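Trainee: I would like to learn how to read a sheet, a loop residue and a ligand site. Could we work through an example?

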Amino acid sequence: MPFPENFFWGGAIAANQAEGAWNVGGRGPAKTDVTTGGSYKEARKVTWIDKDGNPHAEPESRRPLPKGAHYAVLDDFFYPNHDAIDFYHHYKEDIALFAEMGFKMFRMSISWSRIYPHGDENEPNKEGIEFYRNVFQELRKYDIEPLVTIWHFDTPLYLEEHYGGWENRKLIDFYAKFATTCFQEFKGLVKYWLTFNEINNTVMFLSLEQDVTNADYQRAYQQLHNQFVASAKAVQIGHAIDQENNIGCMICGITYYPLTSDPKDILLNRHNWEQNIFYCGDVQCRGNYPTYAKRLWEAHDVHLEITPEDMVDLDLGTVDFYTFSYYMSTAVTTHENNEKVGGNFSMGSRNPYLEYSDWGWAVDPDGLQYYLEMMNDRYQLPMMVVENGLGAYDTVEEDGSIHDPYRIDYFKKHVAAMERALDHGVDLIGYTPWGCIDLVSAGTGEMRKRYGFIYVDRDDAGNGTFDRLRKDSFYWYKKLIGSNGEELD
Ligand code: BG6
């Protein structure tokens, strides 16, 4: 029995990709609300108005808007996150379906701007708190343990516009206040928390972008430092409010391989692990910057504003457990003329041993085993895989059934990989596949990139009834959970 008896089988979503109700119940806007739909080939666009009143729609940029410009919802565009899958009004029905599958854990996030619409108010929005309390109570009704991400890519738009986002240290306190409100209001209902979703994306994505300057690295590393401190403060506050709280980090887990055995590729690969994966885990699990941080900063002439109090906070605010998303591996090389693959998130060299999804993501269950075993050694903390899954096109048959053997096959292989890691002594305590119910893709804004065990009738143009349908994988996952991981077939 490799899976422990109380293993947390479940699923995961995020507020901005599922809730909808973007301007309902006193909620303020977030960046995703001014972001259009896109596709594998075409990047999502952020819409804004310049100081002379001219509208713009441009691929999302790490750089601030020009002076005098402001984000805006424009008439001619469709914004998929506005309604998403309307979890806001369907949560009871959805949770009943999760319970039917036998979920022990449900990972979701709290929309910051539903609690603090601007982010800098003194008092929280009561309606927002009430919504989440109802959701947590509904989960408890079925003995489903909530796992709550405090920040999942959705800083209130007001903080982006008026404070310049995470580059500004003031956000540390605004976030700490938001987290405090969550810990206080949901005490007793929530015991498992994650401070920041895929915190490493900030720097990791830079290595995938074109025309990146040292100034971009300076901004990214400073934003990240401010988030590290905010996370460490949240961990301390959460523990002080309730000793029962378990607070974890969440890393975008990509397994890096060298494409060749050229020692230069081996070294490049190691440096990729350091910059893109280890850097954040090391700070959040060990409470200090690693030795190689100096090398990473020097490479881009980065000079961080770090106070002595920050270092105390980092030391006192280490996380209780390590979580990560895992979808794919990637291969890196110093050699020219190799075949590149992937869209968002996954640019790298084509690995000839692997198959790729329709969105160019390498399917690699062994990479999951590799990642689990490596991180188990590195941090010796309990771990959870809090995102994993296959984004794929699904077809609804005339009788309403959805046959998704490709998804079942993907999960089977990844569950088997977790089983091997457990067998080798890895302290894995939970698995919450991504988009357990179809939702809006973060990378492309599409609905047709579907991950769910549950299908949602909604398309990329905003048509559909929001009806929920069980896919074949729904029944497969139910059986798997019911047998605690034994019945893979
Ligand atoms: C992770 C994010 O990066 O990957 C999720 O935490 C996201 O928010 C998921 O949805 C899958 O990516 P995508 O682009 O297919 O939605």
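Predicted model: local features only at pLDDT ≥ 70, side-chain atom pairs only at ≥ 80, totals over all residues.

Trainee: How many bridges join β2 to β4?

Mentor: Strand β2, residues 45-49, is joined to β4 by 2 bridges. Trp48 has Tyr71 in β4 as its bridge partner.

Trainee: Is Lys51 buried or exposed?

Mentor: Lys51 sits in the loop between β2 and β3. Its relative accessibility is 60%, and exposed means over 50%, so Lys51 counts as exposed.

Trainee: Which residues is Lys51 in contact with, leaving aside neighbours within four places in sequence?

Mentor: Those residues are Lys67, Gly68 and Ala69. Pro66 is 15 residues from Lys51 in sequence, yet their C-alpha atoms are 8.4 Å apart in space.

Trainee: Which residues are closest to the ligand?

Mentor: Of the 16 residues that surround the ligand, the closest are Gln17, Glu198, Ala442, Lys449 and Tyr451. By class, this shell has 7 nonpolar, 6 polar and 3 charged residues.

Trainee: What lies 2.7 Å from an oxygen atom of the ligand?

Mentor: That is a polar side-chain atom of Lys449. A polar backbone atom of Gly443 is 2.8 Å from a ligand oxygen, and a side-chain N or O atom of Asn197 is 2.9 Å from one. The ligand taken alone exposes 380 Å², of which the protein buries 100%.

How values were computed:
Residues numbered from 1 in each chain as written. Heavy atoms only, no water. Pairing = 2+ DSSP bridges. Helix = DSSP H or I, 4+ residues; strand = E, 2+ residues; numbered from the N terminus. Buried < 20%, exposed > 50% of the residue type's maximum accessible area, 1.4 Å probe, protein only. Contact = heavy atoms within 4.5 Å. Near = heavy atom within 4 Å. Polar contact = N/O pair within 3.5 Å; in protein donor to acceptor, adjacent residues only side chain to side chain. Areas by Shrake-Rupley, 256 points an atom, 1.4 Å probe, with all protein chains shown as cover. Nonpolar A, V, L, I, M, F, W, Y, C, P; charged D, E, K, R; others polar.
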